[in-house]
Amino acid sequence: MAKKYVTSNEFGKAMLEMLNDYGDEIYDDVEQTSKDIASKALSAVKGASPRDTGDYAAGWGKNTLNNKRAGYYCVRIRNRTEYRLTHLLNFGHYFKSYGHVWGRYIGDNHITRTELEFKKRFAVELKHKIER
């Protein structure tokens, strides 16, 4: 970085410019890290999903919500086709018929495990990019 000399009158403006540049760099790092981690997490959750017909595992997808002016970037992973089953298969449920419980499915926490693993990975990778 080239040395830049400013007068005391221009100091505030120069500092604001530097902070805006730094904020843009951090936003770009967050955006790239989010995309990378979301792609890996999507593959992991598809692989960990229970398979009966394969429709549930095939329904996983991601979409992006962002607003650069506000400094907001989010990648959401969700099941587009079988979204009603995600809670039941992740946490388990009872089978009921006419008021009687006749069975139970114990959830396998495939979503929760993947979420926790990739939250940690995101934090580590973003920290490495910011510290460079």
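Q: Is tryptophan 102 buried or exposed?

A: Buried means under 20% relative accessible area, exposed over 50%, and partly exposed in between (1.4 Å probe, protein chains only). Tryptophan 102 has a relative accessible area of 61%, so it is exposed. Phenylalanine 95, at 32%, is partly exposed. This is a predicted model, in which local features need pLDDT of at least 70 and side-chain atom pairs count only at pLDDT 80 or more, while totals for chains, interfaces and linings use all residues. Residues are numbered from 1 along each chain as its sequence is written, and side-chain values use heavy atoms, with hydrogens and water left out.

Q: How many aromatic pairs does a search of the whole structure find?

A: Rings of Phe, Tyr and Trp (its six-membered ring) pair if their centres lie within 6.5 Å; planes under 30 degrees apart count as stacked, over 60 as edge-to-face and the rest as tilted. The search finds 3 aromatic pairs. One of them, tyrosine 56 with tryptophan 60, is edge-to-face, at 5.8 Å centre to centre and 75° between the planes. Both tyrosine 56 and tryptophan 60 are buried. Phenylalanine 95 and tryptophan 102 are stacked, with 5.2 Å centre to centre and 25° between the planes.

Q: Which residues lie nearest the centre of the largest pocket?

A: A pocket is an open set of points on a 1 Å grid over the protein atoms alone, where a 1.4 Å probe fits, with protein on both sides within 12 Å along at least five of seven lines; lining residues have an atom within 4 Å of a point. Of the 21 lining residues, Ala41, Val75, Arg76, Ile77 and Glu115 lie nearest the centre of the largest pocket.
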